[in-house]
Structure formats: C-alpha cells, structure tokens
Amino acid sequence: MKRIIIHEEDCINCCACAMVCSIGHYGVCDRSKSNVRPPEEEGRLYACLQCGRKVCVETCLKKALKVDVQTGAVICDLEKCDGCGKCALGCPNHGSHVDPRTEKIMICDLCHGDPLCANVCPTNAIQYMELNDYAQQKRDRIASKMILAQQRLEVIDLAAREEPACVVVCPTGALLMGPYGVDFFEDYCIGCHKCLEACPIRSGELSDGGQIPPCHGLCGDAGIEAIRTLKKEDGQ
Amino acid sequence: MITGHTGKILLVDLSSGSIQTVPTSKRLMEDFLGTRGMSAKLLYDYVPTVIDPFDSRNVVVFSAGPLTGTPAFAPSGYFASVSPLTGAYTDSGVRGHFAANLKLAGYDAFVIRGKAKHPVFLWITNDKVEIRDATFLWGQDSIATDALIKKDLDNPRVHIASIGPAGENLVRYACINSDLYRQAGRGGVGAVWGSKNLKAIAIKGNGGIQLARPDEFMSLMKEMRAIIERDCEPLRAEGTLWLVDAMNKYGLLPVMNFRYGVTDKPQNINGAYAIKSARKRNAGCYSCSVMCSNTVTVRTPRYGKISLEGPEYETLDLLGPNCGLLDFSRIASLNLTCDRLGVDTMSVGATISFAMELYEKGIITKADTDGMELKWGDAEMMEELLDNIALRRGFGNILAEGSARAAKIIGNGAEKYAMHVKGMELPGYDPRGMTGMALAYATSDRGGCHLRAWTIYEEVMGGLNRYGLSGKAALVAARQNRKAVMDSLGICEQIGLAPVFLSLLGAAKGWDVKAQYNDVHTKLLEDLTIRGNIGIGARIYTLSRAFNTKFGKTRADDTLPDRFFEEPLMGFEDPGPKLSRSDLSILLDDYYQIRGWNKEGVPTKETLEKYGLEEAAADLY
C-alpha cells in the first residue's frame, strides 16, 4: 500500500502543499486550513503518514475516524466529530489537527488515492509511494554514490596523502584536504560514519540526514600527530 | 463575496498613529488588478501635489496581487513611492513570503503616510495592527534587525521587511530587505522609510483567500505546473547566472563602467563556476516551484565562511566586471555587505564604478576621496567604500547621493561618466548592442531599468535586426504593456506570462478574461481585456507617465547617457556599435505615437480618457 513519505531536509517552505490541500478539500486558499502542515505553520513539515498503529482511530471516543480499506487513509466523519482533539494529542507524527474555526478534525484522506500535495511539491519533499519502492530508491542512491566514489578514488593519489584522520579513513573521498582545511563534498558521502569514529576530538555530530558535517580543519598538526601515534600503538 | 482579492486596504498614518482600513474599490481591482498597477494608482491618489521625496506628505504604498497568496506562482508585491533618486514615480518589486503573508493577513495593500516622531516598526497580524517602538533597532543592520524583531515578537515565523543603516541615513538608493535576502532594491524606497522613521514591517498572516471557481483553479494548476516543469529547467540549474555567458557572448555585459561589452574571464563568475565551486542548493519563494534563487557558500576575507542567497546576475555584473572585479567569492561578500547595510546592489555598483572611472581619469584625486585609492577591482576598498556610503562618511557622503547628483557635486566633466537615466543607474545590459533596449531604457518610467521591457530575447536571440529601427517602438510598447500586466498579477519575470495565468485569474476572480496577442510575435501578449475594459497594461503605463509629467519629467529626460552616443562599445565587434541621437529621436516619435502621447511625451487628453484616467486628465489639462 502506498504511503506519504516526508523528506524534511528537502522542504523549501513554499507552502504549495498546504494551499492546494485547502483548495482541494475546503474550497478556500488558506494555508492554516490544511491537512498537511508546512514549516511556515508549525516549524516543521508534518502530515499523516498512514502509520500501522492508527492511534487516532483507537482514541476516538465518538467513532468518527475509520480506515479507508482501499487507500489506507484515515477518514473522518465530520457529523460525528466533536473536535475533542484526542486524536491530535495522541498522534506521534502530528498528523491530525483541529481546525480552530469549525472545531472539527483535519486529517489527510490521501485525496482518494492521488494526493495533491505530493503532486505539487517542487522538491519531492512529500512523496506518495510504496514503502518498499522507497527503500529500494534509497539503496539505489547509495549504490550510485559508491560508483561515483570509485571513479573519484581512481584519480586521487592515495599514497601521497598526509592528512587528518577523517580524510584518511573516508572510503569514498567525500572528505578531502583543501587549501583552508578539510573540504566536505556532500554528494559523495554515504553516511558510513567512519570519519566520526576516527576523529580524535569527535568534532562532528550526526546531522538529520545521517551525514557528517566536517570540522573544517580544526584538526591541526597536533591532531594529525596524535592520530599517527594512536595508529602506531594500534599497530604494535 | 470578494474572491481573489481580500477587499481591504490598510491606511497607516505615522504622524498621528492612526490605523484604519478602507475597502478596496471595484475600480482598483478591475482596472489595475493589483501589485504594480494598484500601487501606481494608490500612489497617484495619495500624492496629490508635487512634493520632495523626503517630505512627510510622501507615501509608501505596497500592494499584493489578485493571485498572490494562492498556489499560482505569483509571489510578488510592489512598493511605490516618490523616488529619492529620480524625484518622480518609482516602484520596486519584492518576492519571497512578504506579499503572500500580507494577503493572508487580509489586506490587498497598505499605504503609509506621515512621519513618526521616533523610530517605529509596524506589526501586522491578521486584524491586529500595531505601531511599535523601534528605538532598539535603529542603527542595526538588516540581518540583525530580522533576528531582533523575531525575538521581540517571540515568533520565529514572522516575515520582516526592513531597512539597514543606509535607509536610516537617507542614502538615495537604499533598499528594503525582506526575508533576509530578498530586496525591493531599486528607486530608493528604503530612504523614504528612513525619512519616515519607519525601520521595519513584520507580517504574519493566517487567513484565507476565497476563490470563485476552486475546482477549475486546481485543474489549471496542474496544467501550469507542467508548463513550468518544461520551461524553467535551465533556471533551476543556474538561476539568473545563465545570463553571464549569454550576455558575454553577445557583447552586452557591461565591463568597467560600460566601456567594454565583454570580459575575457567569464568562467570566474558564471553559473558553471557557481555550481562547481560555490553552489550549495536552490531556494524559492512562496508557492513557487522554480526555485531560481542560488544559495551559495563561499569563503571571504571579511566574513569567513558564509552562506547567502545570491548574487543574482545584475548584482554580479554591476559589483563585479563593471567595477573590474572578477572574483565570485568577493562579489558574494560585497553582496552580503550591501544586503546588511541596505543599499541597492545595482545602483551602488554603478556609482562605485563611476567613481573609479573618475579616479582613473584624474577628475578626482586622493584628496577628494579621503586618501582612498579607487582602483578597478579592489574589493577591500569597495567594502570600505560601501560602509562609508551607508554611514555617509567622507567621500561616501557624496556617492550616497547617487551618480547623477554626485556628478553635479563633483563637476569638472564628471557628468559624462555617470551612467543613469532620469537619475537611476543603469542595469547590467549595454544598450549599444540593441536599439530596442535603448528605447526601453529611455522611456522607462522609473529610470534606468531593464524590467519594464526586456527586448533582448527578440532582438538578439530572435529574428529582429538588433541595430535596426523598424518595429522596435511597437515591440517596446508591447513588452512594456505585457510586463505591466504580469507585474500587476504578481507573477515573477523569471516565469513569464503563460496564457494559463490569465485562466487562473479568471478562475480566482470569476471573470471572463480576454488577452490580445501581437500579430507578429504570436506568443507575445500585447494587452489584457477584462469585462470589456481594454488595455490594462497600457493604462498602468500611461498613469505612471502622467505622474512623471506632473513631477516635471519631459521628453528631454527620455534619453541615455552621452557615452552611448559618443563612444563605441569596445571589445565586441570592430568597429564597435554606438547609438545615434537622431535614431533615438525617430524611435521616440514612433513610440509616443503608438502610446497616444504627444510629441513632448505627454499623454493626450483623449488617451487618458480612453483608459479611464479622468483624474490624470484633470491634473494635466
């Protein structure tokens, strides 16, 4: 079954999703009256992700929410809904909201299997696809990066490198020594975290995308020396 | 029920502190649509007499369009005021989230009058409008102002338009910064804010916009997105920087104060360089999926490692090659300095290149410039000069008046090197390469501006003879009308006016919209008819012309700097092209006739009445 998949790091906060949602469902162009919440409204991009548990359906005392068997979306019977907001409070994804004007719940119904928001999103920050396809896409992306990395490593003279630990251990050449310090080439990073493990001062922290931001040359001569010593000790 | 528009205009009087709303008249909505047209009309109505731009009776108008705030790609809003640079009509557009939030807060436009006793900022959120004290913001740069207001209002998601120190010090080309990196740059509206003691406007809108036919609107949206996906792919790749290579190829890239038309090292500043060495990712405006804005990351001596939106093509050229500078990261650094200080990157770039040429020619010496050596391409010096201009220190005080006034102050033949039309500095396209663009510059209502009629595509890349005269006046008039319609709908010039936008307007407003297309260039919209109401573009252009006539602009002001008539363009062809005064005179005659203006460039009474501008007819006749 297809689901809404959100890549928050790609969102540019253009609010197109919320506006088409409000026109499609409520006939008015109003960012705040929308089932999908752009960062402009809530600080982050939220939408119902059609999770397996469906806490909202369980908590609804009025039995207003039910699952559409065809699309897997949660459908709200507005006649029954009294706007108590229990579903919104219980949702771990911030997927449902109470409309402050009508006091009824707003939740994604997947537009009967063709979500407007996923259609209009310019950066594909909201996608509507099979979960397995998504996983496959992610694997493909890593594979294509590995091929890129292979080509890159062929042109880098590995023997000539005398560089900080992170650069030395990086298997894809995403970290390289530049004139001002370590340069980070995001396109090549596969998120293997080897640089983080190797760094003597643990400068980097995992970012949201699972990639390592570089220290930009904080690791000076002393650091390099320290790593070499460590390595020697390891060797013995 | 009012659809498309919100039907309310906010009137703020800073002198008395009164805030009121008036309904948007049917005439404003139908005859002027919104954005630029509505701003021009409101400015005409609220400035009844000829005044100085820094007079407290001057007003600042800002309007959003009928499609702004909806998912149609129309994020523009236009400021209009009496310009400190030209002393006549000016407007200046800004994209991003500011205009859309004004619409969602429930207003089509706001008009700011009077002068506050102490620095203030305006806080607009839905039906609550406050004038708040801004003493703690005075003197802060635009980026600090943004952060301080967000902290003061305790809301990180407000959208702020503000002026920097340049606007406070009445630098005549001060700009308005919104959402950090989006500027209403041209014409010096920022200085008018400064003269009113208005530091910033913060907006957060949470309302909605009613649409007449929502289902039709949604189906048209799908069509529009398909068109955008098809047409705007190059913009997504390089943004406006694709122009660097194109203009360099055709000899239109101004280098060293419009002396040369080409540079030998475009690869140091072009789009490919930005992608390879500085590009991080794209950014975009409200509801727009083109995402043409470049967010670049560069290392600079002044700021260290910085990430900013820009520089766009005009900034890149006028602060770069036109000042003899060919270093992308230095230009980005200068761009950030301009944004922080709140000066128009284009006008300030042209003014600095003007000063550099004077220094080279020996018209000014070290004694005039406080010991600064104004050498071509000296980025360190330019940074210092920018600070001096914004704070009006020493020699910067003269340059802060704009190149036209500075030339008068300096004298000694300096006027010849000031590249401006009606007082506003020229943008980054050399008009010697094409007669149509020369006419477009000369007849532009706000001074040296490329955004009124960008005829380069037809003239240089299309079938027309670029140095010929036939058809040029008609082309410029048609392009100006088309641009006026486009601006008045709130559509960005990067997207262009596809016919689907007119259908979208129809769906939003419930109107029957008819477009007139040019016979020769079948794709070009000539003008727009709504409900039997002809010529919206021509009406807006005639109104701003009438405003300029009232403020004393005549045919003599519809001209170009002497350099374009006297010196051939160097570096492109041999011999290089130059313009002739008689050609321009022929073109002007043609153009005035097409517009229905008399030989002196004043709209005739019949023309004004044809477009329903009775109040302008009463003023002029």
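The axes are lines fitted to C-alpha atoms, for helices over the stretch in contact, and the angles run from 0 to 180 degrees between N-to-C directions.

Some housekeeping before I go on. This is a predicted model, where local features need pLDDT of at least 70 and side-chain atom pairs count only at pLDDT 80 or more, while totals for chains, interfaces and linings use all residues. Residues are numbered from 1 along each chain as its sequence is written, chains are lettered from A and ligands numbered from 1 in the order in which they are written, and side-chain values use heavy atoms, with hydrogens and water left out.

Helices (H or I, at least four residues) and strands (E, at least two) are DSSP runs, numbered from the N terminus.

Back to that crossing. Which residues of α2(B) meet α19(B)? They are B:Thr35, B:Arg36 and B:Gly37, and on the α19(B) side we have B:Lys483, B:Ala484, B:Asp487, B:Ser488 and B:Leu489; contact here means heavy atoms within 4.5 Å. For the classes, Ala, Val, Leu, Ile, Met, Phe, Trp, Tyr, Cys and Pro count as nonpolar, Asp, Glu, Lys and Arg as charged, and the others, Gly among them, as polar.

Now follow α19(B), residues 472-489, to another partner: its axis and that of α21(B), residues 536-550, come within 7 Å and cross at roughly 95°. Those two helices are therefore roughly perpendicular to each other as well. From α19(B) the contact takes B:Gln480, B:Asn481, B:Ala484, B:Val485 and B:Ser488, and from α21(B) it takes B:Gly537, B:Ala538, B:Ile540 and B:Tyr541. That set divides into 5 nonpolar, 4 polar and no charged residues.

Next, the sheet. Helix α2(B), residues 35-46, lies across β1, β3, β4, β5 and β6 of chain B, running at about 150° to β3(B). The open sheet has 6 strands in the order β2-β1-β6-β3-β4-β5, with mixed pairing; strands pair if DSSP finds at least two bridges between them. Which strands stand at the edges? They are β2 and β5 of chain B, each with a single partner strand, so one side of each is left without a neighbour in the sheet. From one strand to the next, the twist averages 20°. At the β5(B) end, 6 bridges join it to β4(B), and the two run antiparallel. There, B:Tyr78 stands opposite B:Gly93.

On to the aromatics. A pair of rings is described by the distance of the centres and the angle of the planes. How many aromatic pairs turn up over all chains? The search finds 15, where rings of Phe, Tyr and Trp (its six-membered ring) pair if their centres lie within 6.5 Å, and planes under 30 degrees apart are stacked, over 60 edge-to-face and the rest tilted. One of them, B:Phe62 with B:Phe110, is stacked at 5.3 Å centre to centre and 25° between the planes. It links β3(B) to β6(B), with the two residues 48 positions apart in the chain. At 0% relative accessibility, B:Phe62 counts as buried (under 20% relative accessible area, with exposed over 50% and partly exposed in between, using a 1.4 Å probe and protein chains only). B:Phe110 is buried too, also with 0%. Another pair, B:Tyr89 and B:Phe547, is edge-to-face, at 6.0 Å and 75°. This one joins β5(B) to helix α21 of chain B, across 458 residues. Ring pairs also link B:Phe62, B:Phe79, B:Phe98, B:Phe110 and B:Trp193 into a cluster.

Helix α20(B), residues 499-509, has 9 of its 11 residues buried, and just after it B:Gly510 takes a positive phi of about 75°. Strand β15(B) has 7 of its 8 residues buried. It forms a hairpin with β16(B), with 3 residues between them, and 6 bridges join this antiparallel pair. Within it, B:Arg299 has B:Lys305 as its bridge partner.

Thanks, everyone!

Technical notes. Parallel < 35°, antiparallel > 145°, perpendicular 65-115°, else oblique.
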